[in-house]
Amino acid sequence: MKKLKFNINASLATFGAFKERYVPEGYFKPKDLEQTLEAVSKIDRLNGLGVWYPGHPLIENPDKLKKKFNEYGLRVADICPELWGDKKWKHGAFSTHEKKIRKEAVKIAKATMDLALELDAYSVLIWPAHDGFDYVFESDYVKAYDYFIESLEEIAAYNPGVKLAIEYKQKDPRAKSYIEDIGKALYIIKCIKADNIGVALDLGHSLFAQERPAESLALLEREDKLYQIHLNDNYRDADPDLVFGSINFWDTLEMFYWLGKYGFDGWLNIDTSSPRNDPLKMLKLSVNFIEDFESLAEKLLCRQDRIGDNLAKNNFVDNMSLIREVIFKNQAK
Ligand SMILES: [Mn+2]
């Protein structure tokens, strides 16, 4: 069996100040671009960074940004339009009733697609952060979904050669997001009918939505809509972006088994937040955990025929007995 070795990326945001409402000044003094690239380049296997527009260092000069990343052996993995950090987006970017704001969001998303081509990014991440609501009688749902779909249709048609990955999430910053789970994400994609619109499956968001991540992955694989994977962890009750691999072992292992089985060739994006621990060490820990899950998944993939036979009979107990032997006894009967 071919060795599992996924592409791994992170983001400069990993080294941010981590400002929050209780500690508005943040927990760290943010590192500058050179310091961050220097630090990231020392982590083996971490070969890419996700960037954003507008606001990311050097993003107005993509050639210079590419050259700078190259100096450190890094490349751009993905890019996203930054449509959450200003109060003008407070009623959403794509679904808001304010036409002027929707137009502005669409314009920024199109410019981000142009940058994606210049930077050789694999895909463009669309996170509809404020597209949601907080209260009953706050939203005209039909209109909101119409506007959302119209906006995304216009963006997708702008360049069918650029992949757009919608990232669903239950809530935060809104009390309720419109695109909150895999079902709604796929519903929207089916409504839009553009070949270049898919999904960013964020492991933490899937757990938070009470999904089995491997099942959500399967739906995306079935529809050929798996464009990005984001890795982090949580207790399924919120999205604190805790270190990948630290909490939900079995769901994560099952997801890695299927990622390997499907031959996923995109990027695994380490999407974690680390206000109380050294961000660089935490990033390394996530990379190490990815390698651990790759090697465990590999061992299982060597037994995929037996695992497949058991799945075909819904034979959980024989499957888990086999998997347990492989994982804990380092052997299989
Ligand atoms: Mn994410």
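This is a predicted model: local features need pLDDT of at least 70, side-chain atom pairs count only at pLDDT 80 or more; totals for chains, interfaces and linings use all residues.
Me: At what angle do the axes of α8 and α9 cross?

Reply: The axes of α8 (residues 249-262) and α9 (residues 279-301) cross at roughly 65° and come within 9 Å. Angles of 65 to 115 degrees count as roughly perpendicular, so α8 is roughly perpendicular to α9.

Me: Which residues of α8 and α9 meet?

Reply: On the α8 side you will find Thr252, Leu253, Phe256, Tyr257, Gly260 and Lys261, and they meet Phe293, Glu294, Leu296, Ala297, Glu298, Leu300 and Leu301 of α9. Sorted by class, this contact of α8 with α9 has 8 nonpolar, 2 polar and 3 charged residues.

Me: How do the axes of α3 and α4 cross?

Reply: Helix α3 (residues 99-118) and helix α4 (residues 141-158) have axes that come within 9 Å and cross at roughly 30°. Here the idea to hold on to is that angles under 35 degrees count as roughly parallel, and therefore α3 and α4 are roughly parallel to each other. The crossing of α3 past α4 is right-handed. Helix α3 brings Arg102, Ala105, Val106, Ala109, Lys110 and Met113 to the contact, and α4 brings Tyr147, Ser151, Glu154, Ile155 and Tyr158. By class, the residues of this contact of α3 with α4 are 7 nonpolar, 1 polar and 3 charged.

Me: And at what angle do helix α10 and helix α11 pack?

Reply: Helix α10 (residues 304-312) and helix α11 (residues 316-328) pack at about 155°, with axes 8 Å apart. Anything over 145 degrees counts as roughly antiparallel, so α10 is roughly antiparallel to α11. In this pair, α10 passes α11 in a left-handed crossing. The residues in contact are Arg306, Ile307, Asn310 and Leu311 of α10 with Asp318, Asn319 and Leu322 of α11. The contact of α10 with α11 holds 3 nonpolar, 2 polar and 2 charged residues.

Me: Stepping back, how many helices and strands has the protein chain?

Reply: The protein chain has 11 helices and 10 strands. Its radius of gyration is 20 Å, close to the 20 Å that the globule rule gives for 333 residues, so the chain is as compact as a globular protein of that length. Along the principal axes, its C-alpha atoms fill a box of roughly 65 × 45 × 40 Å. Of contacts with a separation of 6 or more, 76% are between residues 24 or more positions apart.

Me: What percentage of the 333 residues is buried?

Reply: Buried residues make up 43% of the 333. A residue counts as buried when 20 or more other C-beta atoms lie within 10 Å of its own. Take leucine 65 in helix α2 (residues 62-71): leucine 65 has 21 other C-beta atoms within 10 Å, so it is buried. Beyond its neighbours within four places in sequence, leucine 65 is in contact with Leu58, Ile59 and Leu119.

Me: Where is isoleucine 179 placed, then?

Reply: Isoleucine 179 sits in the loop between β7 (176-177) and α5 (182-192). With 26 C-beta neighbours inside 10 Å, isoleucine 179 also counts as buried. Apart from neighbours within four places in sequence, isoleucine 179 is in contact with Pro128, Ile166, Tyr168, Lys184, Ala185 and Ile188.

Me: Now the backbone: is the peptide bond from tyrosine 53 to proline 54 cis or trans?

Reply: Omega is the angle to read. The bond from tyrosine 53 to proline 54 is cis, with omega near -5°, and proline 54 is in the loop between β2 (46-53) and α2. A cis peptide bond also joins aspartate 172 and proline 173, with omega about 15°; proline 173 lies in the loop between β6 (164-167) and β7.

Me: What is phi of glutamine 210?

Reply: Glutamine 210 is not a glycine, yet its phi is positive, near 60°. Glutamine 210 lies in the loop between α6 (203-208) and α7 (213-223) and is exposed, with 10 other C-beta atoms within 10 Å. Arginine 45, likewise not a glycine, has a positive phi of about 80°. Arginine 45 is in the loop between α1 (33-41) and β2, and with 15 C-beta neighbours inside 10 Å it counts as partly exposed.

Methods:
Residues are numbered from 1 along each chain as its sequence is written. Axes are lines fitted to C-alpha atoms, for helices over the stretch in contact, and angles run from 0 to 180 degrees between N-to-C directions. Helices (H or I, at least four residues) and strands (E, at least two) are DSSP runs, numbered from the N terminus. A crossing is left-handed if the near helix is turned anticlockwise from the far one by less than a right angle, and right-handed if clockwise. Two residues are in contact if their C-beta atoms, placed from the backbone, lie within 7 Å. Ala, Val, Leu, Ile, Met, Phe, Trp, Tyr, Cys and Pro count as nonpolar, Asp, Glu, Lys and Arg as charged, and the others, Gly among them, as polar. The radius of gyration is taken over C-alpha atoms; the globule rule is 2.2 Å times the number of residues to the power 0.38. A residue is buried if 20 or more other C-beta atoms lie within 10 Å of its own, exposed if 12 or fewer, and partly exposed in between; C-beta atoms are placed from the backbone.
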